[in-house]
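Have your viewer ready and try each task before reading on.

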Amino acid sequence: MAKSSFEYVKKFELDDTLLPDTWIIVRLDGKCFHKFSEDHNFMKPNDIRALKLMNYAAYQVLKDFNDVCLGYGQSDEYSFIFKKNTTLYKRRAAKLLTTINSKFSSSYVYYWSKFFGTQALQYPPVFDGRIVLYPSEANVIDYLKWRQADVHINNLYNTAFWTLVLQGKLSPAQAEKRLCGTVSADKNEILFKEFNLNYNKEKEIFKRGSLLLRQPVKMDESGAVISAIVDIHDDMLKEKFWVKYENLLDTKGKNKLPIYEGPLTD
Ligand code: ATP
Ligand code: ATP
Ligand code: MG
Ligand code: MG
Ligand code: MG
Ligand code: MG
Ligand code: MG
């Protein structure tokens, strides 16, 4: 077809190809979820339905995008790690970020009632997104540790805060004042001595967040190997985690396997 006189506008588009041979991480975060969680009666400090819905939406992303080898989620955020040499969308940043965000966000809405039952969705939620590139595997591991350390700090604070409010009958302002200047050991002690709550026994998903990964599994009869997307809640700050999952980021072949339609709902 002959070129139209309007076509020059196409040249205004900027090249946003991401550096080759680097780890691409997409991180999404809910917009104003402090308010969103109140508007939807999230249990405080941790609403398990909300966390499972986040995981399920992320699962849809991994199912759809084979080149995403890992997902890590906590609170209202999710990170997606692409295999290092992905050529998806020719590594165009906007295409990658927007399609991942769109798949995640629409899945969050689409599967809302699967997790929230009769609690109606009051309005369409919004997620922001960014892309960060990392040159080495060590950087990616530190990235995951950084996000998990964040869960730990926030969750210990939130658990102490909400226990003081809900069980200790303090006002939010009083609870905040009580926790001001405390270190982790102090918060653990308040929970244990005053409320008989052993923080270590809190659910792993609350303390550690969720890692979604592809695991090759052998099906019994035919012996065929398939890939299952599974969620785990282990402590990535411990070195033994990285011994156990030494090939976590080495995804050769793994994401070519057909995917087991595992539900991730219970
Ligand atoms: P921003 O738009 O800047 O991200 P935000 O209100 O979303 O603002 P965040 O720092 O992202 O702030 O924190 C998310 C908030 O959402 C948490 O502080 C908490 O109040 C709420 N939240 C998210 N997930 C849950 C959950 N599973 N259970 C209870 N509350 C949650
Ligand atoms: P890509 O993923 O590359 O965008 P695509 O299939 O979405 O692939 P587009 O060039 O974006 O291709 O074209 C969108 C297509 O969607 C149209 O060619 C048409 O087939 C279909 N489509 C979109 N809107 C309508 C509509 N309102 N009525 C009928 N068909 C539609
Ligand atoms: Mg944010
Ligand atoms: Mg947020
Ligand atoms: Mg957040
Ligand atoms: Mg189009
Ligand atoms: Mg299209």
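**Exercise 1.** Find which residues are linked into a cluster by ring pairs.

*Solution.* In this predicted model, ring pairs join F33, F36, F42, Y78, F80, F104, Y108, W112, F116, Y123 and F127 into a cluster. Now pick out two of its members, W112 and F116. Both belong to helix α4, residues 112-116, and sit four residues apart, about one turn of the helix.

**Exercise 2.** Classify the geometry of the ring pair Y110 and Y111, then say how exposed each residue is.

*Solution.* Start with the count: there are 26 aromatic pairs. For Y110 and Y111, the ring centres are 5.0 Å apart and the planes meet at 85°; planes over 60 degrees apart count as edge-to-face, so this pair is edge-to-face. Next, take accessibility. Y110 has 65% relative accessibility, so Y110 is exposed, while Y111, at 21%, is partly exposed.

**Exercise 3.** Is the pair W112 and F116 stacked or edge-to-face, and are its residues buried or exposed?

*Solution.* The centres of W112 and F116 are 3.9 Å apart with 5° between the planes, and the pair is stacked. Then compare with the cut-off: buried means under 20% relative accessible area. W112 has 4%, so W112 is buried; F116 has 3%, so F116 is buried as well.

**Exercise 4.** Which residues form a nonpolar patch on the surface?

*Solution.* The patch consists of Y8, V9 and F12, with about 360 Å² of accessible area together. Look at F12 next: this residue lies in the segment before β1 (23-30). Its relative accessibility is 64%, so F12 counts as exposed.

Terms used: Residues numbered from 1 in each chain as written. Chains lettered and ligands numbered in written order. Predicted model: local features only at pLDDT ≥ 70, side-chain atom pairs only at ≥ 80, totals over all residues. Heavy atoms only, no water. Patch = residues over 30% accessible without salt bridge, like charges linked within 9 Å, V, L, I, M, F, W, Y side chains within 5 Å. Areas by Shrake-Rupley, 256 points an atom, 1.4 Å probe, with all protein chains shown as cover. Salt bridge = Lys/Arg side-chain N within 4 Å of Asp/Glu carboxyl O. Helix = DSSP H or I, 4+ residues; strand = E, 2+ residues; numbered from the N terminus. Buried < 20%, exposed > 50% of the residue type's maximum accessible area, 1.4 Å probe, protein only. Phe/Tyr/Trp six-rings, centres within 6.5 Å; stacked < 30°, edge-to-face > 60°.
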